[in-house]
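User: I have a model open and would like to walk through it with you. Could you take my questions as they come?

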Amino acid sequence: MKEFFDINRFFKLVRKDYSERLPVTLKIVTIFSLLLAGFWVSLIIFNGSQVDAEARVLYIYAATFLAMLMAPFNLYKSYNHPKKGLDYIMLPASVTEKFASMLLNSIILLPFATFLGVLIADTFISTVNPSLFNGFAIVNLGSAGEIAEKYGEAVIVQLGFIFGNFLFKKNKVFKTLMSAAGLYILFAMVIMFLLTTVFKSDFEALKSLNTSIKVNSLSDFEHITGAEGITSLLKGFYYSVLVIFYVICPVSFLGGTYYKMKTQQY
Amino acid sequence: MVTIDNLHFSYSRHTVFSGVTMKLEAGKIYGLLGQNGVGKTTLLKIISGLLRVKSGSCRVMEHNPFSREPGFLGELFFIPEDFVGPDMEVNKFARLRGEFYPNYDENKFSRLMTEFEVNGNEKFTRLSFGQQKKAIIAFALSTNTKLILMDEPSNGLDIPSKAQLRRVISQASSDETCIIISTHQVRDLENLIDPIIILDKNGVLLNATIEEISKKLCFELRALPGEGAIYNEPALGGYIVVDKNTSGEECKVNIEGLFNTVLLNKKLIKDIFNN
């Protein structure tokens, strides 16, 4: 069992990984905080209008999401590098520990640091200059449930990027983005085909409904389950899409990443 | 320590090893020699668990290396030929990694760094290639692992550092450790490596101790080429003549001469050493 996972060794590894990756983490946090500060300065210089807290909350979420996508390529870029990767792969810790430490750093520590850093910057600017930065973003973040839901969906996308980082050896970011775009287009085409061909009658039935469906996230599709005139087949399709996005995708990305870490040759 | 049995390995269509068998024991410093592309680095990587064997087996300290279990990794250190250090202080690098090795000796690391004249407070990225290499060799030897694999360790080292390298490797060797050094620079490591393993495209041409070699082959510097000798090589002051040792007296082995002799007389050498 100790060869598979040892809690003391895991904490040593987390400490080592965090300590080595702290400069990169701070760099990312600083970049996103400075972007916000730069925006504020530009408002002062060009006499810009007041920015509401809601808009800045969007920036904070976007910055955190971008940091999450950047995390694997910045923190664990060299894992499968034929020369630079040897240092980490030969470290006496199990693949499970390295995998868990990598997830901890990429999914929790870096996003949390970015979120906190930008939020602190926003709070500081809002205190200093409330006329331009109206209200505090910190009190407009939404409920814990909403944050958790957004974070969960961001993590699923991030897991795909983490997998891309281990799948590709060269031009990782470009290839991952292209693969993500390709998958998205393929997924959209399949859904469009199913909705316009297989579920054509359901779609036509939707026209007669006195309901408007606003879709902000995938989970918003839940609302159509209560609508009349929707066949159980379409509902089944909807649940299949949910299972693909919330279960199959993350499990595949995690499994694929672990497999690549375990079987990577140098 | 290392048992390789009927090992086959290839990179897509390029076969590197087909049916290699050998045993490496503790308490020795093996010199792994061979021409470019015969698979010296590949063999070190297979032993380290960086590459997976296609068929046959490679067992290292009773472990399957490719499983890369922590217990195995904690008893092995591989120094690649072109080590690239991270953007961090050498001392910090050693401190953070040292605690993963059960027998890591921080004092030994400091001592070796001093001996190699490398400043541990500098970042790897600020050190020259040779200094980086000395730093990683110092760390490798301080881990006190049972198996140390070095790929061309003397490449990039200046002349005084090569002498220091010989000295520290010799000091690091014990009855429980096995050191395998792959090198082209045989003169840098002469008097240190024993036994000698010579690889070629078809596998192991020679795996013998210096004592065995000197009992079976005789190396002499003569004014003229030896008639009927196995190998003659022009050298300063005459010829290096390699012949069968018929007198039974041991003679000093010239590793470069041995290497060339083996490459040009593969079948004969196999016959001599298999009998």
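User: Which way does α4(A) pass α8(A), in a left-handed or a right-handed crossing?

Analyst: α4(A) passes α8(A) in a right-handed crossing, where right-handed says that the near helix is turned clockwise from the far one by less than a right angle, and left-handed that the turn is anticlockwise. Helices here are DSSP runs of H or I with at least four residues, strands are runs of E with at least two, and both are numbered from the N terminus. This is a predicted model, in which local features need pLDDT of at least 70 and side-chain atom pairs count only at pLDDT 80 or more, while totals for chains, interfaces and linings use all residues. Residues are numbered from 1 along each chain as its sequence is written, and chains are lettered from A and ligands numbered from 1 in the order in which they are written.

User: Which residues make that contact between α4(A) and α8(A)?

Analyst: On the α4(A) side they are A:Val95, A:Lys98 and A:Phe99, and on the α8(A) side A:Tyr258, A:Met261 and A:Lys262, contact being counted when C-beta atoms placed from the backbone lie within 7 Å. By class, the residues of this contact are four nonpolar, no polar and two charged; Ala, Val, Leu, Ile, Met, Phe, Trp, Tyr, Cys and Pro count as nonpolar, Asp, Glu, Lys and Arg as charged, and the others, Gly among them, as polar.

User: And at what angle do helix α4 and helix α8 of chain A pack?

Analyst: Helix α4 (residues 95-128) and helix α8 (residues 232-263) of chain A pack at about 130°, with their axes 10 Å apart; the axes are lines fitted to C-alpha atoms over the stretch in contact, and angles run from 0 to 180 degrees between N-to-C directions. The two helices, α4(A) and α8(A), are therefore oblique to each other, since angles under 35 degrees count as roughly parallel, over 145 as roughly antiparallel, 65 to 115 as roughly perpendicular and the rest as oblique.

User: Staying with α4 of chain A, is A:Ile108 buried or exposed?

Analyst: A:Ile108, which lies in helix α4 of chain A, is exposed because 12 other C-beta atoms are within 10 Å; the cut-offs are 20 or more for buried, 12 or fewer for exposed, and partly exposed in between, using C-beta atoms placed from the backbone. Its C-alpha atom and that of A:Met68, 40 residues apart along the chain, are separated by 8.9 Å.

User: How is chain A divided into domains?

Analyst: An automatic or database domain assignment gives domain 1 (1-141) and domain 2 (162-266) of chain A. Their contact takes 13 residues from domain 1 and 11 residues from domain 2, and on the domain 1 side the largest share, four residues, comes from α4(A).

User: Switching to chain B, where is B:Arg68, and what is its phi?

Analyst: B:Arg68 lies in the loop between β4 (55-60) and α2 (70-73) of chain B, and its phi is near 50°, a positive value in a residue other than glycine. B:Arg68 counts as buried because it has 25 C-beta neighbours inside 10 Å.

User: What about B:Glu117, buried or exposed?

Analyst: B:Glu117 counts as exposed, with 11 C-beta neighbours inside 10 Å. Its phi is near 60°, also positive in a residue other than glycine, and its place is in the loop between α4 (106-116) and α5 (129-142) of chain B.

User: Last one: which peptide bond is cis?

Analyst: The bond from B:Asp194 to B:Pro195 is cis, with omega near 5°, and B:Pro195 is found in the loop between α7 (186-189) and β8 (196-200) of chain B.

Technical notes
Contact = placed C-beta atoms within 7 Å.
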